[in-house]
Amino acid sequence: MAPLETIAPPEAVREMFDRIAPEYDRFNTLASFGLHHSWRQTLVRRIPAGARVLDIATGTGDVAFMARTHAHDVVGLDFSERMISRARDKDKQGSILWVAGSADALPFTDGSFGCVTSAFALRNLRSCLDAVFHETFRVLESGGRVLHLDFGRPQFPLMRWGHRLHMAYGVPLIGHALCGNRWPKRYLENTIAQFLEPADVEDHLESAGFVNVGHEPLFGGVVQLYKGTKAC
């Protein structure tokens, strides 16, 4: 399989996630040594109390399910039909509304949500990032909050060395073991290595109209939690 370009068109990204959907949950757990659960929990704890939540690029719904256990009304959206199908299958209680749709053209009215979240999605939305931020701004109510979790690049030398080693050898080994030829060669590694710096992500959020923009490094900068507010 030929590697996807770092800034891949949405159609290519959708097809990639459709292909790997059956192994997505297992890959996340193995590749992160189980840490992705705690990173997502950190995001969910930042959601304002009582807020109606839209989780964009929800995948198989991990953040959506966590937010629901914190008594939030939740909508999960993803443009991969196979990812959304797996999320629905996991939702035995039918407690979350699952919507197939694109984050750059949200099928919701203005001011519909108190918080918009995503986990490990911004890199995959790179080709339409400004449209995504403008759409999330539109569907937030005044005072609403955006919380985006994504991979970063650690700054400490030893951690940076270990991270590069894992990206070069550990991630491909796990991906190929689970997905075989369906694994998108070096896509994950390249999108992490070449994604925007945190300050640049903040600039894009501010350009979309968000205030009180910032980022919180997690696990030494391996993960970044981006934040912003729609001014009242």
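1. Asp73 is partly exposed in this predicted model, with a relative accessibility of 44%. Its side chain meets that of Arg52 in a salt bridge, at 3.3 Å from N to O.

2. A second salt bridge joins the side chains of Arg123 and Asp150, with an N to O distance of 2.6 Å. This pair, too, links distant parts of the chain, 27 residues apart. Arg123 sits in the loop between strand S4 (113–119) and helix H6 (129–139), while Asp150 belongs to strand S5 (residues 140–151). Both Arg123 and Asp150 are buried.

3. Glu189 and Arg186 form a further salt bridge, in which the closest N and O atoms are 3.8 Å apart. Arg186, at 37%, is partly exposed.

4. Salt bridges that share partners also build a network, whose members are Asp25, Arg40, Asp62 and Lys90. The search of the whole structure gives 12 salt bridges.

5. On the aromatic side, the count is nine pairs. One of them is formed by Phe108 and Phe113, with 5.1 Å between the centres and 85° between the planes. Why is this pair edge-to-face? The angle of 85° between the planes is over 60 degrees, so the pair counts as edge-to-face. Phe108 is buried at 15% relative accessibility, and Phe113 is buried at 0%.

6. Trp39, Phe120, Phe151 and Phe219 make up one aromatic cluster. A ring also takes part in a contact with a charge: the charged end of Lys230 sits over the ring of Phe137, at 4.8 Å from the ring centre.

7. The sheet is open and has seven strands, in the order S3-S2-S1-S4-S5-S7-S6, with mixed pairing. Which strands are at the edges? They are strand S3 (97–100) and strand S6 (211–218), each of which pairs on one side only. From one strand to the next, the twist averages 15°.

8. At the S6 end of this order, S6 pairs with strand S7 (residues 223–229) in the antiparallel sense, over six bridges. Val211 has Thr229 in S7 as its bridge partner.

9. Two helices that pack on the sheet may be noted together. H6 touches S1, S4 and S5, and its direction makes about 145° with that of S5. Helix H9 (residues 198–207) touches S5, S6 and S7, with its direction at about 155° to that of S6.

Terms used:
Residues numbered from 1 in each chain as written. Predicted model: local features only at pLDDT ≥ 70, side-chain atom pairs only at ≥ 80, totals over all residues. Heavy atoms only, no water. Salt bridge = Lys/Arg side-chain N within 4 Å of Asp/Glu carboxyl O. Buried < 20%, exposed > 50% of the residue type's maximum accessible area, 1.4 Å probe, protein only. Helix = DSSP H or I, 4+ residues; strand = E, 2+ residues; numbered from the N terminus. Phe/Tyr/Trp six-rings, centres within 6.5 Å; stacked < 30°, edge-to-face > 60°. Lys NZ or Arg CZ within 6 Å of the ring centre and 35° of its normal. Pairing = 2+ DSSP bridges. Axes fitted to C-alpha atoms, helices over the stretch in contact; angles between N-to-C directions. Contact = heavy atoms within 4.5 Å.
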